[in-house]
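Please keep the sequence and the model in view while reading.

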Amino acid sequence: MAVKVGIGLFTGEVMPGSERTFHREYREVIEMACLAETLGFESAWVSEHHGAGDGYLASLLPMLSAIAARTSRIHLGTGVMLTPFHDPLRLAEDAAFVDQLSGGRLVLGLGLGWREEEFRMFGVGQSERLRRTTETVEILRRAWTGERFSFEGRHFAYDRIQVTPRPFREAGVPIYIGGMSDRAIERAGRIGDGYIRTRSHWNTWAEAVALAEQGAREAGKDAAALGYVQLQNAFPWDDAESGWELIRGGAAHHLGVYAGWGAGSDTPGQGFFIGETPEDMLRFMNPTGTPKEIAALLRPMIEPFRDRSEFHFIVRLHYPGMSFDTASRAIELFGEQVLPALQGA
């Protein structure tokens, strides 16, 4: 099977003080997803956070609904939805809607969440996040049968309820689970249809996939059928340094948001601020180069997984504050010159 290259994560961030509006940001995300589809990308992915000073995208399924209405082929993924903050029945209904609208193109990526302020915001105990997530996965699968069901869990209980309509696909929406710790990766294989791994050193990927497959086998599932989504930044341009100058500010902002949250940003009594990310880490996480150089960088990363039945390789080509023209050119360079090199051989 050929590797399925997608675009993302789209995060909808608008830097404070920028002249950009969220109206413009959201519409341009939709246009970029449409452009990616015409160039042969297989999927488009969005990411979720709440209460962020830069408006980090909070509403993933509405965004994917808008993309679904403008596209016909590209798959639509959440990478990831923060499960503890969502009511399972509404999540089941909304995901089924997107799957119906798109003709069966939704991939529902779920995660536990980690930011303390978000748990406080939604009134959910952080200690509850694992149980809420595993219960939600079970509820989603039952809900998508279209049959009445009852459920009795620690956090959710339902008596002979029915969710309609069902998703477009008979088997329901595929559920992929994100995580980085060994226990989280094994759990992804055990309860999910696939595993999502965030940006990390590529020499750790094979071991992580093997651990997810172990979890699948322990659950009595076919490990070879387990899906795998890998996120990786790589920005093609005329040369590495000019490409780096284009993305440096946006990359520093995006990663700095996480560092800021770790230091108390976006909490009561604290304004929005971003933390510092060392230059060498920024460059490692966000490599730039000519299309030929980017293809040469990425090919060894994906080669060990080329024969998987379901392998999505998701590349970020848009950064906070980046103009639509710049992002579009990067998408075109990747689609026309890098994508064929990755999908071939």
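Helix H6, residues 182-191, is mostly covered, with 7 of its 10 residues buried. Buried here means under 20% relative accessible area, with exposed over 50% and partly exposed in between (1.4 Å probe, protein chains only). Helices (H or I, at least four residues) and strands (E, at least two) are DSSP runs numbered from the N terminus. The model is predicted: local features need pLDDT of at least 70 and side-chain atom pairs count only at pLDDT 80 or more, while totals for chains, interfaces and linings use all residues. Residues are numbered from 1 along each chain as its sequence is written, and side-chain values use heavy atoms, leaving out hydrogens and water.

The buried residues of H6 are Ala184, Ile185, Glu186, Arg187, Ala188, Gly189 and Ile191. Their cover includes helix H5 (129-143), strand E8 (175-178), strand E9 (194-197) and helix H7 (205-218), where contact means heavy atoms within 4.5 Å.

Two packed helices are described by the angle between their axes and the distance between the axes. Axes are lines fitted to C-alpha atoms, for helices over the stretch in contact, and angles run from 0 to 180 degrees between N-to-C directions. The axes of H6 and H7 come within 6 Å and cross at roughly 50 degrees. H6 is therefore oblique to H7; angles under 35 degrees count as roughly parallel, over 145 as roughly antiparallel, 65 to 115 as roughly perpendicular and the rest as oblique. In this pairing, Asp182, Ile185, Glu186, Gly189 and Arg190 of H6 meet Ala208, Leu211, Ala212, Gly215, Ala216 and Glu218 of H7.

A second pair consists of H1 (residues 22-38) and H11 (residues 324-343), whose axes come within 10 Å and cross at roughly 20 degrees. H1 and H11 are therefore roughly parallel to each other. From H1, Glu28, Glu31, Met32, Leu35 and Ala36 meet Phe324, Ala327, Ser328, Ile331 and Glu332 in H11.

A nonpolar core is a set of buried Ala, Val, Leu, Ile, Met, Phe, Trp, Tyr and Cys residues joined through side-chain atoms within 4.5 Å. The largest such core has 89 residues, and Phe41, Leu108 and Phe334 have the most contacts inside it. Its largest share, 8 residues, comes from H11. Apart from this core lies another, of 13 residues, including Leu9, Leu82, Val107 and Ile196. Leaving aside neighbours within four places in sequence, Leu108 is in contact with residues including Leu61, Met81, Trp144 and Tyr176.
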